[in-house]
Structures are given as structure tokens and as C-alpha cells.
Amino acid sequence: MKTKIAILPFLLTATVHGSSLLTLSNPAADNAINTGGGNNIRSDWDGLTAYPADANEAHAVDFHTITVAHDSLKFYIRQIMNATNAGGFLSGDQMIIFDTDQSRATGYRGAGDTFSVGGEYMLQGASIFQYTGTGTDWGWNYVTAASYDDFPINDHELSFTRSTLGGTNGPVAFDFIAITDFWGAGDVYPDGGHGGAGGGYYTYSTIPEPGAALLGGIGMLALLRRRK
Ligand SMILES: [Ca+2]
Ligand SMILES: [Ca+2]
Ligand SMILES: [Ca+2]
Ligand SMILES: [Ca+2]
């Protein structure tokens, strides 16, 4: 019992200072995922784990789930939407902010300093930009266009070379939030993404965490025990 009491205050403290809500890793075989326009196929994502489902907040553009994956060459992103802009996927109000050094002290924190992360890169529609400002000012350089397939209409898959996000092979891990409005009026994924320094965000790692494997092992152990 004493151990349980000691752990709780630690978790509360971590939440107050902002924290990653979840770290996932989805390694895929090279080129197993095809994001070429018009392939219209999503079975290539079978078996990969999405971040948690976001509520349908009835925004004009509204996220449901995001899945991130990687192979030795590229990062892959799948965005399942509750709603896509009537003007289409490329209408400029569907953004992912990538904090590639995992530090809020660097990169874009939103004009109102409301982002839970400091983003070095942004995916907007299928365009990727690198931040050139100093934190809350607006300054971006266009980097490249992602390969994408946007049909079915609320299920978008994209990919780009890992080095697009900096370095020779991209970051080992990055934090991210997805937004549909820079001021916080639209959808946010996760919902704490506009919560400033204390807000939540998700983390993607190219290296599966030992903790995840351990939890999976414990889950398997529990399953085996239940089956006995
Ligand atoms: Ca596909
Ligand atoms: Ca939503
Ligand atoms: Ca940063
Ligand atoms: Ca939301």
C-alpha cells in the first residue's frame, strides 16, 4: 500500500508540467505502405496502432485518429477525420505541428503561446514547412510536398522522407499535436494541444520503447493466466 501512495503524487506532478500522453512506434517494412495518389487502399495500415480516438467535436475540419509509422526511408501519417474541409484536404486548415527536438523552448508555440509543444516543422495539407521564427511570431520556409492519397474523403495517408524533418535520417523521436486553427478555435488532437506549457501532446519514436514491450508482455501474461 505504501508504494501506491508514493507513486500518485509523482504522476500528478508530471501532468502539471505538461507531458506526453502516449508514445507509440510503428515500424514497417520498407515501402510496405503505399501513399501514392489514387491507390485508395488502407489495408497497408492493418496491424499498426493509432493514437487514441478524438471526439467528433463537429468542427468543419475534425480529427478522429492519427497513425504514424516509419520504415528505413520515410515517415508515414494517416489521418482519419470526422470531417474534412468542404474545399478538400489541401484547404490549409489541417495541420500537424512536429516538435522534433522535443523541447517547447524551441520552435513555434502558436501566436498566443498556447501550443503544448514548440514546433520545428509543420505539415499543412500535404505541404511541409520549417519554422524560422523565434517562438510566437509567424515565419516558415517551405520544405517539400508529401506524397498523399486523400480518398476515401475522410481518410488521408501521407509519406515523406525522414530527413525532411531534419538531420540525415530525421529525428529518432518527435512530439506532435494536430490542429485545425492556430488560435485554438477549431479541433485539437489531443485536446490538451492548446493548453500551453501544461498541455498534452503525443510522441512518436522510431525505437519501440522497452516499457511498451514490457506492458505488452504483462498484458500477454495476464491473458495467459486468464486462459488457464
Ligand atoms: Ca495506401
Ligand atoms: Ca475531433
Ligand atoms: Ca522544439
Ligand atoms: Ca479534439
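How many bridges pair strand 10 with strand 11, and in which sense do the two strands run? I began my notebook with this point. I found that strand 10 and strand 11 (residues 188–189) pair over two bridges in the antiparallel sense. Across this pairing, I noted Ile179 opposite Val188 of strand 11.

**Entry: the model and its confidence**

I recorded that the model is predicted. The average pLDDT of the protein is 88, and 84% of the residues score at least 70.

**Entry: the overall plan**

I counted two helices and twelve strands in the protein. Along the sequence, the pattern reads α-β-β-β-β-β-β-β-β-β-β-β-β-α. The protein has 228 residues, and buried residues make up 35% of them. I also looked up how far along the chain the contacts reach. Among the contacts with a separation of 6 or more, 58% are between residues 24 or more positions apart.

**Entry: strand 10 and its partners**

I returned to strand 10 to look up its remaining pairings. I noted that strands of a sheet pair through backbone hydrogen bonds, either parallel or antiparallel. Strand 4 (residues 95–99) pairs with strand 10 in the antiparallel sense, over five bridges. In this pairing, Met95 stands opposite Ile179 of strand 10. Strand 12 (residues 200–205) also runs antiparallel to strand 10, and four bridges join the two. Here I found Asp175 opposite Thr203 of strand 12.

Is strand 10 mostly covered or mostly open? I found it mostly covered, with six of its seven residues buried.

**Entry: the largest nonpolar core**

Which residues touch the most other members of the largest nonpolar core? I listed Ile96, Ile97, Phe98, Phe176, Ile177 and Ala178, in a core of 39 residues. Strand 10 (residues 173–179) gives the largest share of this core, namely five residues.

I then examined Phe98. Apart from its neighbours within four places in sequence, Phe98 is in contact with Gly119, Glu120, Tyr121, Met122, Leu165, Phe174 and Phe176.

**Entry: Leu165**

I located Leu165 in the loop between strand 9 and strand 10. Is Leu165 buried or exposed? Leu165 counts as buried because it has 20 C-beta neighbours inside 10 Å, and 20 or more is the cut-off for a buried residue. Not counting residues up to four places away in sequence, Leu165 touches Phe98, Thr100, Tyr121, Gly170, Pro171 and Phe174. I also noted the separation of Leu165 and Glu120: they are 45 residues apart along the chain, and their C-alpha atoms are 8.2 Å apart.

I followed Tyr121 into its strand pairing. Strand 5 (residues 121–124) and strand 6 (residues 127–131) run antiparallel and are joined by four bridges. The bridge partner of Tyr121 in strand 6 is Gln130. The hairpin of these strands has two residues between them, and Gly125 takes a positive phi near 65°. Strand 6 also pairs with strand 7 (residues 140–145), antiparallel and over five bridges. I found Tyr131 opposite Trp140 of strand 7.

I placed Ser91 in the loop between strand 3 (74–83) and strand 4. Ser91 counts as partly exposed because it has 14 C-beta neighbours inside 10 Å. Leaving aside neighbours within four places in sequence, Ser91 is in contact with Asn85 and Gly125.

I recorded an open sheet of four strands, ordered 2-3-9-8, with antiparallel pairing. Strand 2 (62–70) and strand 8 (147–149) stand at the edges with a single partner strand each, so one side of each has no neighbour in the sheet. From one strand to the next, the twist averages 15°. Strand 8 is joined to strand 9 (residues 155–161) by three bridges. Within this pairing, I noted Leu158 of strand 9 as the bridge partner of Tyr148.

Conventions
Residues numbered from 1 in each chain as written. Chains lettered and ligands numbered in written order. Predicted model: local features only at pLDDT ≥ 70, side-chain atom pairs only at ≥ 80, totals over all residues. Core = buried A, V, L, I, M, F, W, Y, C linked by C-beta atoms within 7 Å. Buried ≥ 20, exposed ≤ 12 C-beta atoms within 10 Å, placed from the backbone. Contact = placed C-beta atoms within 7 Å. pLDDT = per-residue confidence, 0-100. Pairing = 2+ DSSP bridges. Axes fitted to C-alpha atoms, helices over the stretch in contact; angles between N-to-C directions.
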